[in-house]
Amino acid sequence: LDRISAQQGREPESLVNEAVERLVTYDEWFIRQVEKGLAQVERGEVFEHEEVVAKAENLIREKQRRA
């Protein structure tokens with residue numbers, strides 16, 4: 001922490017505060033995404049396993065063709 005703060009010309013406390021703020025922001029975003037997903041499941045807006053596998057295989061084939 002001391003090395004990074006010295007490299008950036010910042011106080012260590014400032015880096016810690018920024019890290020905590022980023023973590024909290026991410027956690028809030030993640031919880032919202034999970035809640036959205038659960039709501040979609042409740043509404044029946046889901047893909048069957050076979051559909052997901054087919055979509056993934058198609059994406060892989062397209063990527064391989066472009067390479």
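Visitor: What pLDDT does the chain average, and how many of the residues score at least 70?

Guide: The chain averages a pLDDT of 97, and 100% of the residues score at least 70; pLDDT is the predictor's confidence in each residue, from 0 to 100. This is a predicted model, in which local features need pLDDT of at least 70 and side-chain atom pairs count only at pLDDT 80 or more, while totals for chains, interfaces and linings use all residues. Residues are numbered from 1 along each chain as its sequence is written, and side-chain values use heavy atoms, with hydrogens and water left out.

Visitor: Where is confidence lowest, and where is it highest?

Guide: Confidence is lowest in helix α1 (residues 2–8), at a mean of 95, and highest in α2, at 98. Helices are DSSP runs of H or I with at least four residues, numbered from the N terminus.

Visitor: Why is the aromatic pair of tyrosine 26 and tryptophan 29 called tilted?

Guide: Rings of Phe, Tyr and Trp (its six-membered ring) pair if their centres lie within 6.5 Å; planes under 30 degrees apart count as stacked, over 60 as edge-to-face and the rest as tilted. By this rule there are two aromatic pairs. Tyrosine 26 and tryptophan 29 lie 5.6 Å centre to centre with 35° between the planes, and therefore they form a tilted pair.

Visitor: What makes tryptophan 29 partly exposed?

Guide: Buried means under 20% relative accessible area, exposed over 50%, and partly exposed in between (1.4 Å probe, protein chains only). Tryptophan 29 has a relative accessible area of 39%, so it is partly exposed. Tyrosine 26, at 45% relative accessibility, also counts as partly exposed.

Definitions and conventions:
Helix = DSSP H or I, 4+ residues; strand = E, 2+ residues; numbered from the N terminus.
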